[in-house]
Amino acid sequence: MWAYIVRRCAVGLALLLALTLVTFALFFASPVDPARFACGKNCSEQQRDQARKALGYDKPVYEQWGNFVKGVVVGRDFPADPELRAAAPEVVTHCEAPCLGYSHLNARTVNELVKDAAPVSISLAVVALVMWLIGGVLFGILAAVTKGSFMDRGIVGLTLVAYAFPTFFIAVFFLKYLAVKWQVMPYPAYTSIEEGGIAAWMLNLLMPSFTLALVFMAGYVRMTRAFVLESMTEDYIRTARAKGLQGRKVLFKHGLRAALTPLVTMVGLDFAALLAGAIITESVFAYPGLGLLTVQASAAYDLPTIIGVVILAGSFVILANIIVDISYAFIDPRVRLG
Amino acid sequence: MEAFLTVDDLKVHFPTVDGVVKATDGLSFGLARGKTLGIVGESGSGKSVSSSAILGLHRGTNAVVSGEIRLDGNNLLALSDEEMRMRRGKEVAMIFQDPLSSLHPYFTIGNQIAEAYLVHHKVSKSAARTRVVEMLDRVGIPQADRRLNDYPHQFSGGMRQRAMIAMALINDPSLVIADEPTTALDVTVQAQILDLLQDLQRDFNTAIILITHDLGVVAEMADDVLVMYAGRAVEYGPCKEILTHPEMPYTWGLLSSAPDLTASTSGRLLPIPGTPPSLLNPPSGCPFHPRCTHRDKVPGDLCRTTLPELLPGHHREDHTKRCHLADPDTVFRTEILPNLAPELVEESS
């Protein structure tokens, strides 16, 4: 078991390393010159070369990559050019390990940017997860046990509607009617727990989280319904009924136990992907999370921030995969890790 | 011999968009305590559907069940769902065909067997556990007190079927339905499981309905045999009688298609030609007539137009068959018997 975990973690690390390599290669293959962006529009050839040297873009890609990886492990100092650091010690910024880079556009380390943005995305993801899990599983079971009835068709129909409307439409719709026109809810603006307490944090999260949860909920309703219907046709369900077990025990103990197991994988991966930011939801609600950070960094060609966020997102997914696989050893007795 | 279980004109019909599927269509039989009835037939002949009806497993589905199933004087079909549930597993228990898929993969063997006991007995969990160990011991699982913490996948096929039998018998049911209990097992294990069932039947005086397509199993286990075809009984009577003087061509077909262990390997089995009929659109007249090689011996168009009644044959009152043949005995002796596997004939005589 422990050997398995260590091995999986080692593979995960190797995967991350490969991810940084690919990310670097991709961005340096693009035709845009980051030094020109950093320098500005009215920038002479000479100034641009200066900027390139100061930011370390004059070095070969593999060397830049090496510096990045080293920064992740032991931390590093910015600007990247050692001569500039020696000449002007007052501009040096230290970036602690694991250093994800330095955004010269924001004049802050990527770590600080992430530290500010991550709580917003995590809050959004956690509240949305709770909403879509409860809603998705409950309505999924309800639809499965009433299969073919008016209730089942209604639920399945609603999931189609939720699927069909794009997130930005639902978000704008909620904003316009709930917050602006009828004013039944405050216009959501992210408030951290330290600032406003749990109540204000929650109240502000309701609308964006629900928007985010809606499309996931639709998917989970359909999946739960399908998994429950499938597991209720298994031979062991017939055995449970033949024992004389009560109908609800057959469903909730024997049926659900098998039906909900595959959901664990989906939940793990969906949640991990969301941790790295819900781009559309955060953009529409102007929530300063990792999604919005990604959008802004992409628009401004803020290369270090993009690389930092991509690698963060990648590590979330890799970690979630490992956790899901390990948790299966506890969920399914047939799985032996080794 | 007072019948403990009587099934009278049992019909299980499934309405579908294409029409009504008559999986069981007018089945009648009786069974005394401590006796075994073998129900034989090809896949899709209605064996399992009929026995599920006895257990009330069609409740809550769209199946239409009619007729009468009397167990110890009570008509099971007239009971409410809750009353039937209370009897399920307690008075009537079932052993299923594939013990791996019939046991829940996520719960321990002990947990699943204890559950069967706890549904019908208000006892503590530890008392149930003691009872489970006792039952596992009884069905021959070594170190039962330790093995009950295992999951089904940690058991071998034979052990799983033993555990299923322990689960079925834990409440001392008066009727056990064994639905092809040995089909998924190795031949050596098959014999052990059948011996175990016979032992337990002697100890508990249980009535057993044994569903199988293996006539060897029937010859060894059954007191009575019911041969089913297309949802109906086509031959019914004492086991010995049916195996030595079968009067229905379908039963002959089943006997002829049983492998012969002593014959040379170049000898060929004689399968029944054709495939089992659709239950949605069964053939007119005798449902077996399209596959029957003896229909020419019946004068006129009788086989194609008229369904033969289940009537006593030429030997005994309690041996009934559904066939138009005037002299089945001669046909059997001259055409069928010489080609049969000798073990079957010996075993049954």
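In helix 10 of chain A (residues 235-242), the buried residues are Tyr236(A), Ile237(A), Thr239(A), Ala240(A) and Ala242(A). Buried means under 20% relative accessible area, exposed over 50%, and partly exposed in between, with a 1.4 Å probe and protein chains only. Helices (H or I, at least four residues) and strands (E, at least two) are DSSP runs, numbered from the N terminus.

This is a predicted model, in which local features need pLDDT of at least 70 and side-chain atom pairs count only at pLDDT 80 or more, while totals for chains, interfaces and linings use all residues. Residues are numbered from 1 along each chain as its sequence is written, chains are lettered from A and ligands numbered from 1 in the order in which they are written, and side-chain values use heavy atoms, with hydrogens and water left out.

The buried residues of helix 10 pack against two kinds of neighbour. In chain A these are helix 9 (193-231) and helix 11 (247-259). In chain B they are strand 6 (92-95), helix 3 (99-102) and helix 7 (157-169). Contact means heavy atoms within 4.5 Å. After helix 10 of chain A comes Gly244(A), with a positive phi near 95 degrees.

Chain A as a whole has 15 helices and four strands. Its C-alpha trace spans about 85 × 60 × 40 Å along the principal axes. Of its 338 residues, 44% count as buried. Among contacts in chain A with a separation of 6 or more, 65% join residues 24 or more positions apart.

**Two interfaces**

The contact takes 31 residues from domain 1 of chain B and 19 residues from domain 2 of chain B. Between the chains, it takes 26 residues from chain B and 19 residues from chain A.

Buried area is the accessible area (1.4 Å probe) that two parts lose on being put together, summed over both. A salt bridge is a side-chain nitrogen of Lys or Arg within 4 Å of a carboxyl oxygen of Asp or Glu.

| Interface | Buried area | Carbon and sulfur share |
|---|---|---|
| Chain B and chain A | about 2,300 Å² | 58% |
| Domain 1 and domain 2 of chain B | about 1,900 Å² | 61% |

On the chain B side, His104(B), Tyr106(B) and Glu115(B) lose the most area to chain A, together 29% of what that side buries. Two salt bridges link chain B and chain A. Glu115(B) forms a salt bridge with Lys243(A), with the closest N and O atoms 2.7 Å apart. Helix 3, helix 4 (109-120) and helix 7 of chain B each give two or more residues to the side that touches chain A. Helix 4 of chain B gives the most, with six residues.

The two domains of chain B also share two salt bridges. Arg291(B) forms a salt bridge with Glu42(B), at 3.0 Å between the closest N and O atoms. On the domain 1 side, strand 2 (19-31), strand 3 (36-40), helix 1 (47-54) and helix 9 (215-221) of chain B each supply at least two residues. Strand 2 of chain B gives the most, with 12 residues.

Helix 1 of chain B is mostly covered, with six of its eight residues buried. Among them are Lys47(B), Ser50(B) and Ile54(B). Just after helix 1, Gly56(B) takes a positive phi of about 75 degrees.
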